[in-house]
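Hi everyone, thanks for coming. Let me put the model up on the screen, and then I'll talk you through it.

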Amino acid sequence: MIATILLSFGVLFVAELGDKSQLMALTFALRYRWWIVLSGIAVASVAVNLIAAGVGHFLGAALPTDLIAVCTGVILLAVGLWTLREARAEDDDSEVAAEAATQPPGRAFFVVISAFLLAELGDRTMFATVALSSNHSWLAVWTGSVLGMVAAGALAIAIGITVGKHLPERLIAIGSGLLFLYIGTATLLSALAPSLGRAPELALAAIAPALAAVVLWVLRRTPEPTDENPAPNHLDTHR
């Protein structure tokens with residue numbers, strides 16, 4: 001059993017390196033407290049690997065991965081847009097900024113769990129767990145898979161914390177939002193156009209955050225009318 005746990009740990013840890021889930025962990029670590037992100041990853045890992053181990057051991061079947069991937073992509077895009085909205089609000093010093101600054105940990109915890117649970121369902125790491133549990137003890141595979149996934153997430157969180165200490169908070173918020181847009185777009189492309197290929201998929205996915213960055217730049221450069229600087233009235237005529 002120990003050998004199976006170590007095998008599952010190694011397979012999942014290596015599979016998670018550079019995967020979108022690890023990039024999500026790094027991105028979440030830039031926005032939320034590390035213990036919230038790590039707790040969310042742990043809960044999601046327990047759930048998704050239990051499903052994978054059960055499927056591999058009892059059914060030997062797969063989940064509807066395309067539909068799950070589409071849902072994941074849409075949620076990640078929504079999270080990215082919401083993050084950019086918060087960054088824009090902080091720049092404008094509006095009431096939304098105050099709401100974002102006092103966001104309860106429970107909401108962040110739910111966001112992390114939901115994103116990771118959907119991202120891992122149907123992912124290559126889930127298929128690895130299914131394959132392992134079909135030939136080994138499902139309990140040992142489940143234990144090792146959870147530990148491997150959490151360890152990979154903890155590594156990404158540590159990197160995110162280290163990077164976050166050297167960057168301004170607003171820049172972190174914008175970078176997080178753009179990363180979510182990138183991951184969400186790549187996930188949708190992978191589900192809707194599987195024949196596209198990995199390299200074109202990643203290249204096309206960069207279009208969404210690039211357009212969002214341009215929009216943010218334009219909004220930042222455009223001054224909003226104030227009482228001291230009212231917008232010009234084109235109906236006025238010189239007398």
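I'll start with the ground rules, then go to the overall fold, the helix packing and one glutamate.

This is a predicted model, so to speak plainly about the rules: local features need pLDDT of at least 70, side-chain atom pairs count only at pLDDT 80 or more, and totals for chains, interfaces and linings use all residues. Residues are numbered from 1 along each chain as its sequence is written, and side-chain values use heavy atoms, with hydrogens and water left out.

First, the overall picture. The chain has eleven helices and zero strands, where helices are DSSP runs of H or I with at least four residues, strands are E runs of at least two, and both are numbered from the N terminus. Of its 239 residues, 41% count as buried, meaning under 20% relative accessible area with a 1.4 Å probe, protein chains only. Take the contacts between residues at least 6 apart in sequence: 87% of them join residues at least 24 apart. Contact here means heavy atoms within 4.5 Å.

An unreviewed UniProt entry lists residues 34-55, 67-84, 139-159, 171-196 and 202-219 as "transmembrane region"; such annotations may be inferred rather than shown by experiment. In the model, residues 34-55 are 100% helix, with end C-alpha atoms 31 Å apart. Residues 171-196 are 85% helix, and their end C-alpha atoms lie 32 Å apart.

Now, please look at helix H8, residues 138-164. Helix H1, residues 2-16, crosses H8 at roughly 35°, and the axes come within 7 Å; axes are lines fitted to C-alpha atoms over the stretch in contact, with angles from 0 to 180 degrees between N-to-C directions. On the H1 side, the contact includes Ile-5, Phe-9, Leu-12 and Glu-16. By class, this contact has eleven nonpolar, six polar and one charged residues, with Asp, Glu, Lys and Arg as charged, Ala, Val, Leu, Ile, Met, Phe, Trp, Tyr, Cys and Pro as nonpolar, and the others as polar.

Helix H2, residues 20-31, also packs on H8, at about 40° with axes 7 Å apart. Among the H2 residues in this contact are Ala-25 and Ala-29, while H8 brings residues including Gly-153, Gly-160 and Gly-164. Here the count is nine nonpolar, four polar and no charged.

Last one: is Glu-201 buried or exposed? Glu-201 sits in helix H10, residues 198-205, and counts as buried because its relative accessibility is 6%. Beyond neighbours within four places in sequence, Glu-201 contacts Ala-186, Leu-189, Ser-190 and Leu-196.

Note on methods. Buried means under 20% relative accessible area, exposed over 50%, partly exposed in between (1.4 Å probe, protein chains only).
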